[in-house]
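Q: Can you walk me through this model? I'd like the fold first, then the charges.

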Amino acid sequence: MNSALRSQLAAAGVTPECAATVELVRDVLARVGDKWTVLVITTLADRPLRFTALHKRITGVSQRMLSQTLRSLTRDGLITRTAYAEVPPRVEYELTPLGRSLSDTVTHLVSWVRTHQAEIVRSRAMFDGADSAAQ
């Protein structure tokens with residue numbers, strides 16, 4: 001945690017244990033809120049995949065960004081990376097039980113968006129129309 005946030009929390013009377021929780025919540029929300037994380041999690045929901053298969057299925061992600069995202073998800077315990085001793089080498093990525101529970105949550109979020117898609121689009125159009133009229 002950065003020292004400025006740590007100082008603010010301490011000044012507000014937050015215990016070091018709570019401050020650690022705040023830091024973890026912020027980190028997890030940042031990870032889950034990342035579009036590449038959501039796409040990797042949903043893509044791996046059905047079965048384990050190799051890097052190249054993931055890269056082909058996730059439109060727009062660079063190899064570098066996919067690699068960084070996979071490394072972060074592995075670090076957080078959401079996916080596993082399994083390297084097989086074969087020629088040529090084969091590496092697969094798979095959701096862990098923790099990652100699967102996140103996948104269930106993301107699936108609910110996607111379902112919510114689909115259910116309310118028309119309302120969201122209508123609201124955005126109204127807002128954008130009002131915003132351009134005000135200018």
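The chat below covers fold, shape and salt bridges.

A: Ground rules first. This is a predicted model, where local features need pLDDT of at least 70, side-chain atom pairs count only at pLDDT 80 or more, and totals for chains, interfaces and linings use all residues. Residues are numbered from 1 along each chain as its sequence is written, and side-chain values use heavy atoms, with hydrogens and water left out.

Q: What order do the elements of the protein chain run in?
A: From the N terminus, α-α-α-β-α-α-β-β-α. Helices (H or I, at least four residues) and strands (E, at least two) are DSSP runs, numbered from the N terminus.

Q: Spread out or compact?
A: The protein chain is more spread out than a compact globule, because its radius of gyration is 20 Å, well over the 14 Å that the globule rule gives for 135 residues. That radius is taken over C-alpha atoms, and the rule is 2.2 Å times the number of residues to the power 0.38.

Q: Switching to charges. How many salt bridges?
A: The count is 3. A salt bridge is a side-chain nitrogen of Lys or Arg within 4 Å of a carboxyl oxygen of Asp or Glu.

Q: What does Asp76 pair with?
A: Arg31, with the closest N and O atoms 2.7 Å apart. Asp76 lies in the loop between helix 5 (63–75) and strand 2 (79–84) and Arg31 in helix 2 (residues 16–33), so the pair ties together parts 45 residues apart in sequence.

Q: And which residues form a network?
A: Glu86, Arg90 and Glu92. Arg90 meets Glu86 at 3.0 Å, N to O. Arg90 also bridges to Glu92, with closest N and O atoms 3.0 Å apart.
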